[in-house]
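Here is a friendly walk through one model, meant for someone meeting it for the first time. Take a look at it first, then read on.

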Number of protein chains: 2
Amino acid sequence: MNAPADRPPLPKALAEALASRFGARFSVAAAVCLHHGKDESSYTPMPPDAVVFAESTAEVAEIVGLCHSHRTPVIAFGTGTSLEGHLLAVRGGVSIDLSALNQIIALRQEDLDATVQCGVTRKTLNAALNGTGLFFPIDPGADASLGGMAATRASGTNAVRYGTMRENVLGMTVVLPDGRILKTGGRARKSSAGYDLTRLMVGSEGTLGIITELTVRLYPIPEAISSAVCAFPSVAAAVRTVIQTIQLGVPVARIELLDTLMIAAINRHSKTSLREGPTLFFEFHGSPTGVKEQAETVQETAAEHGGQDFEWATRPEDRTRLWQARHDAYYAGIGLKPGCRALTTDACVPISQLADCIAETYLDLEASGLIAPLVGHVGDGNFHMVLLVDPDDDEEFARAKGFASRLAQRAIRMDGTCTGEHGVGIGKQAYMTLEHGDVAIDVMRALKRAIDPDNIMNPGKILPPP
Amino acid sequence: MNAPADRPPLPKALAEALASRFGARFSVAAAVCLHHGKDESSYTPMPPDAVVFAESTAEVAEIVGLCHSHRTPVIAFGTGTSLEGHLLAVRGGVSIDLSALNQIIALRQEDLDATVQCGVTRKTLNAALNGTGLFFPIDPGADASLGGMAATRASGTNAVRYGTMRENVLGMTVVLPDGRILKTGGRARKSSAGYDLTRLMVGSEGTLGIITELTVRLYPIPEAISSAVCAFPSVAAAVRTVIQTIQLGVPVARIELLDTLMIAAINRHSKTSLREGPTLFFEFHGSPTGVKEQAETVQETAAEHGGQDFEWATRPEDRTRLWQARHDAYYAGIGLKPGCRALTTDACVPISQLADCIAETYLDLEASGLIAPLVGHVGDGNFHMVLLVDPDDDEEFARAKGFASRLAQRAIRMDGTCTGEHGVGIGKQAYMTLEHGDVAIDVMRALKRAIDPDNIMNPGKILPPP
């Protein structure tokens with residue numbers, strides 16, 4: 001399934017240098033390498049030649065510097081939860097495990113920011129914020145590391161209100177391909193001081209450097225939170241409700257779309273009794289009266305579009321039950337086809353195109369004879385089809401790949417992107433030129449060459465083969 | 001005051017080619033060149049050798065292509081309202097006047113976005129949005145062009161709620177230094193598809209390319225808007241009020257700080273009778289009850305910190321009078337010293353540092369014997385000292401420059417930036433290395449070389465001399 005690897009062996013002198021410097025924290029054990037050569041995608045793992053468990057920025061710089069002197073590839077490893085083959089060692093090399101860089105360096109309540117090491121996960125950060133009245137909102141589903149989330153420009157259910165990693169990283173420490181340590185950005189909320197190196201590194205997937213520390217924005221925990229769920233006669237009616245809600249200026253925190261099949265899967269998996277139709281899940285953040293007002297506006301809007309069984313949840317236990325069901329959607333979906341593996345798409349289009357994009361996608365799905373429940377961050381125009389594929393059926397897998405490829409191209413044709421939040425990795429490389437055009441790809445290559453002239457940082461990712 | 005120019009004459013062949021192609025839209029007239037060689041800063045103008053009035057992206061590409069073949073500098077000109085000498089032709093060359101690129105290409109109400117040519121000003125865009133229920137919030141004071149605002153990463157009074165140009169540009173058309181046309185970004189609200197070329201171009205001040213079109217985010221006009229004004233016993237008390245307001249999660253749209261001297265100037269200039277003390281101006285956006293609730297919360301918070309004469313304005317005419325007074329602050333300040341010219345600083349620090357930064361700045365101001373009222377976008381930690389200087393007094397000007405330099409360094413020392421929203425131009429070059437460090441400056445230089453190897457795009461700006 002993967003292209004044949006172009007991988008020279010690990011230079012002996014490098015292996016010896018790393019072994020002597022890092023002792024038991026250097027490993028070439030097959031199991032360790034295998035674990036670091038895969039992610040949560042459907043790609044066949046491609047293990048690195050060695051793994052080093054780093055414990056500080058200085059150590060990362062030292063490892064990268066050693067690899068640089070041998071022109072050996074380096075791949076950063078956070079929690080292994082990426083979805084597009086980001087971690088596969090397509091040209092071999094050294095994986096740097098960053099999970100021990102797990103210190104929260106500073107929480108600054110007055111400034112609503114925190115500086116953390118890259119291995120801190122979003123749940124760890126939020127646990128550390130307990131009692132401060134603040135939280136970190138970006139929630140990509142998995143308990144990913146913040147470094148990895150920055151590297152893939154992750155987002156999730158809260159992005160419609162709080163933005164993505166692009167908007168929420170203020171500054172970084174990055175180890176460059178030659179082992180130098182770069183500081184980007186700062187702690188000012190805004191700055192016009194030169195080229196935006198922070199945003200260049202966000203979404204660069206370890207191909208320009210390794211993020212070892214980052215300063216992120218925090219937000220006050222809203223005084224009141226309420227949730228609602230509502231079924232619609234069609235996906236189009238649900239999408240019209242979302243468009244109107246946003247145009248009315250309702251500052252909704254989450255709007256998630258689940259299709260009929262996904263709701264059926266959830267009812268089965270989570271023992272809920274949701275009406276089985278295209279459904280929106282909402283969450284409102286604000287003052288108690290503000291939240292009530294938001295929910296009422298949305299209820300009226302939903303009713304205009306045929307929404308049925310609008311159900312509120314203000315008690316924390318009801319909200320938790322509702323959002324647990326939403327968060328379990330992926331596993332609920334997989335439960336529809338026991339023994340299957342999932343291939344997840346990530347199209348994101350302007351919201352005016354969303355209903356059409358989903359309608360065309362359903363026609364294609366039917367013609368393809370595949371099963372794929374839908375879940376989407378519909379406020380951003382982003383939706384995922386969870387393709388359920390028999391791992392032993394190569395023909396079905398090929399059909400699913402064809403469907404995903406057409407969906408990626410459809411999203412691009414509709415002025416959108418083939419990847420709203422999962423990143424490119426190796427999975428979306430084939431669409432980069434179609435999405436960005438030759439000139440933009442040339443500029444991206446020029447940037448890559450300028451910063452990583454030897455192409456040692458996570459080589460073979462993002463940019464299509466020349 | 002400026003460094004001696006390193007400017008070869010305009011190549012004759014280039015002048016002939018531009019003249020024959022653009023006719024009357026090509027000019028070497030001294031008055032035209034002078035107009036295009038200055039901005040609103042206190043720098044002595046440095047005119048380009050020629051000006052071409054372009055009317056389309058294709059024409060800009062043609063002009064840049066011609067200049068590229070002669071290795072001649074190119075400077076983009078929007079409305080001439082920049083504040084750091086961005087437009088000065090320090091190495092001569094050709095200025096491209098973009099004011100005729102003033103078409104609104106598309107307004108998309110469902111998607112809350114608009115695509116415009118770079119010469120469209122923010123007021124023109126908002127006028128075109130009349131009746132749609134949408135608005136474009138970024139307001140840097142001047143009626144600047146959107147291309148220029150993107151190029152300097154501008155913001156203004158609304159940034160605390162709506163972000164800066166960094167957050168509000170979705171995609172661009174950019175003419176590269178070799179005349180190729182680059183498309184960046186797209187219309188999806190979010191994307192993880194490769195390097196963020198949009199954010200690289202935002203804030204690049206014409207040194208990497210010329211922005212000719214851009215797609216920006218729009219927002220629903222809030223159902224209700226109200227304003228408030230409140231005087232405090234000290235700047236520190238006002239800042240503590242702001243910090244607490246933000247920590248309480250009040251989604252305030254504007255929080256502006258004006259000091260006692262500035263309020264006195266406004267009272268004189270705008271015939272207002274505001275209490276003369278450090279003062280906060282607030283604006284609240286939301287539903288009628290939401291806005292009322294926000295104002296009440298802020299009023300209570302202000303009272304805890306000694307705020308006096310908390311005054312509300314909900315009627316449009318009262319709000320307009322209040323904000324007109326705020327917007328006239330610059331001219332009111334200048335009125336304090338007839339015949340003076342103004343030198344404006346742009347420090348931005350983490351808000352926890354703001355009161356200290358201002359206190360140190362006041363001590364320095366007193367020791368320097370200068371007059372400078374203060375106005376600040378205090379929700380972002382950004383404040384401007386408007387230094388009032390006698391244009392015929394070189395010694396006073398030098399003292400003002402020294403004060404501004406110490407303030408820039410103070411902001412950097414406090415984890416902030418020397419420029420929150422005005423950009424670097426030539427005015428802040430001297431602080432780039434202090435703010436970013438050698439490694440970051442090296443990376444910025446590498447990016448500049450990768451995209452503009454002949455250094456023809458607005459040369460001599462942003463990066464300090466090597």
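The C-alpha centres of domain 2 of chain A and domain 3 of chain A lie 29 Å apart. This is a predicted model, so to speak of local features a pLDDT of at least 70 is needed, side-chain atom pairs count only at pLDDT 80 or more, and totals for chains, interfaces and linings use all residues. Residues are numbered from 1 along each chain as its sequence is written, while chains are lettered from A and ligands numbered from 1 in the order in which they are written.

Those two domains belong to a set listed here, with bounds that come from an automatic or database domain assignment.

| Domain of chain A | Residues |
|---|---|
| domain 1 | 12-99 |
| domain 2 | 104-220 |
| domain 3 | 224-332 |
| domain 4 | 337-427 |

Where domains 2 and 3 of chain A meet, five residues of domain 2 are in contact with eight residues of domain 3; contact here asks that the C-beta atoms of two residues, placed from the backbone, lie within 7 Å.

Now for chain A as a whole. Its secondary structure comes to 17 helices and 19 strands, taken as DSSP runs numbered from the N terminus (helices are H or I, at least four residues; strands are E, at least two). The C-alpha trace of chain A spans about 70 × 55 × 45 Å along its principal axes. With 466 residues, a compact globule would have a radius of gyration near 23 Å, and the 22 Å of chain A agrees with that. The radius is taken over C-alpha atoms, and the globule rule is 2.2 Å times the number of residues to the power 0.38.

How do the two chains relate?

The contact between the chains takes 79 residues from chain A and 79 residues from chain B. Elements giving two or more residues to chain A's side include β9 (181-185), α9 (235-247) and α14 (351-368) of chain A. The biggest giver is α17(A), with nine residues. By class, chain A's side divides into 31 nonpolar, 27 polar and 21 charged residues.

Over in chain B, four strands form an open sheet in the order β1-β2-β4-β3, with mixed pairing; strands pair if DSSP finds at least two bridges between them. Its edge strands are β1 (26-27) and β3 (74-77) of chain B, each pairing on one side only. Strands β2 (residues 50-53) and β4 (residues 94-97) of chain B run parallel, joined by four bridges, and B:Ala50 has B:Val94 as its bridge partner in β4(B).

Chain B also has an open sheet of five strands, in the order β5-β6-β10-β8-β9, with antiparallel pairing. Here β5 (104-108) and β9 (181-185) of chain B are the edge strands. Five bridges join β8 (residues 169-175) of chain B to β9(B), and B:Met172 has B:Thr184 as its bridge partner in β9(B).

How values were computed. Nonpolar A, V, L, I, M, F, W, Y, C, P; charged D, E, K, R; others polar.
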